[in-house]
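Good morning, and thank you for coming. Please look at the structure on the screen while I describe a pair of charged side chains and then the ligand site.

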Amino acid sequence: MAINVAIMGFGTVGSGVAETLDINKEIIAKRVGEEINVKYILDIRDFPDSRFAGLVTHNADEVFDSDILIAVETIGGVRIAYEYTKRALSLGISVVTSNKELVSTHGPELIKIAQENNCCYLFEAAVGGGIPIIRPLYKCLAANKITKIAGIVNGTTNYILSQMKDEGIDFDTALKQAQDNGFAEANPSADIDGIDAQRKISILSTIANDGAYIAPDKISAEGISAITTDDMEFAASVGCDIKLIALYEAGEDLPIVYVAPALVDKSNLLYNVNGVFNAIMVDGNSLGQAMFYGQGAGTLPTASAVCGDVIEAALGNPPEARAWTDESVDITPYDEIKADIVIRADVPAKVIDAAEGLECEVLSDEAILVKGIKHKDIDALVSKAEAKSWMHYLK
Ligand code: HSE
């Protein structure tokens, strides 16, 4: 007996899944107790040069009418992927995916369909690529109230920012390099505008928030395209580096969630996360702090997480099957969120005067850390202090 699997979408991740299930066939069979057999690869394309070419079909009916128990959805997007995922789950076929857009947009509905049909919808690979983070949040950290998550969850932007810092090049040149090296997509908008990070923090926040769904479109997201070489030099002058940070805090009343570039202090472990690597810091009220670090993208690292979920589904363990609320819950309006920021100004005293009672710390002769200022008050402070610019700050 073998457990039959279909891979839907044979791109970067799907091909890595076929590869991983093949090269580790024996150890996986030992761990599952049965062989995992890729029966079909469903794609609109042919792959004549692939050693898996014989498994390719263009006929979805052939796949769904077969005896597969698990479907790997590595199509991406929310159109065909959504349709096929619903179809599979409705038939009681477990679905395993790396598709953060689909999970963050339709997670509540898809998890519910999986539950109703006694199968799994698993998405470890949707955040942090190969880094274990979804299952640790659901299982290993289940005894904690998760108070904070601060993550570098987009490899493309982290690579671009690292190149800007290391090579002293501007954003456009670094983006071009990232595209030439295959790290950034031809249309990099979802990455550089913070949309990919917004989807990922939506998933992490919903889990941390006990399944109270936080939809991506509720989350403020700012990207990195406005970061200049001057900003990078300024960051270095105050012992910081600039990173795109996806943030969740439990908050006193409503959760706080947003994505924004931030000055990350040298003392913070995220400071040392460079290139395409991702890292997610999690604070729990019992745990203290833990950092999950590794390769957040790429064929085999992402396939590693997908295949881990295939094994989980094969073993019949649906750890992520807890319900998400149908509707998105409210989060703290961005304007009302209190943030720590660094203001860049020629006359620090003017910032301190204008900050009127807020805690301030002078970091250099042109940098003042202002703590706990509401976003809605920042523009007025910058203008009153005749400051040049401001940025979030993470110690
Ligand atoms: N575009 C994503 C990134 C891929 O750069 O991190 C992995 O989700």
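D67 and K39 form a salt bridge, with their closest N and O atoms 2.7 Å apart. By salt bridge I mean a side-chain nitrogen of Lys or Arg within 4 Å of a carboxyl oxygen of Asp or Glu. The pair links distant parts of the chain, 28 residues apart: D67 lies in the loop between α3 (60-64) and β4 (70-73), and K39 in strand β2 (residues 35-42). Helices (H or I, at least four residues) and strands (E, at least two) are DSSP runs, numbered from the N terminus. A search of the whole structure finds 26 salt bridges.

A word on the source: this is a predicted model, in which local features need pLDDT of at least 70 and side-chain atom pairs count only at pLDDT 80 or more, while totals for chains, interfaces and linings use all residues. Residues are numbered from 1 along each chain as its sequence is written, and side-chain values use heavy atoms, leaving out hydrogens and water.

Which residues surround the ligand? They are K100, N154, G155, T156, D191, D196, K200, G296 and A297. Helices α7 (155-167) and α10 (195-208) each supply at least two residues of this shell.

Consider next the oxygen atoms of the ligand. One is 2.6 Å from an N or O atom in the side chain of K100, and one is 2.8 Å from a polar backbone atom of G155. Taken alone, the ligand exposes 260 Å², of which the protein buries 83%; these accessible areas come from the Shrake-Rupley method with a 1.4 Å probe.

Notes. Near = heavy atom within 4 Å. Polar contact = N/O pair within 3.5 Å; in protein donor to acceptor, adjacent residues only side chain to side chain.
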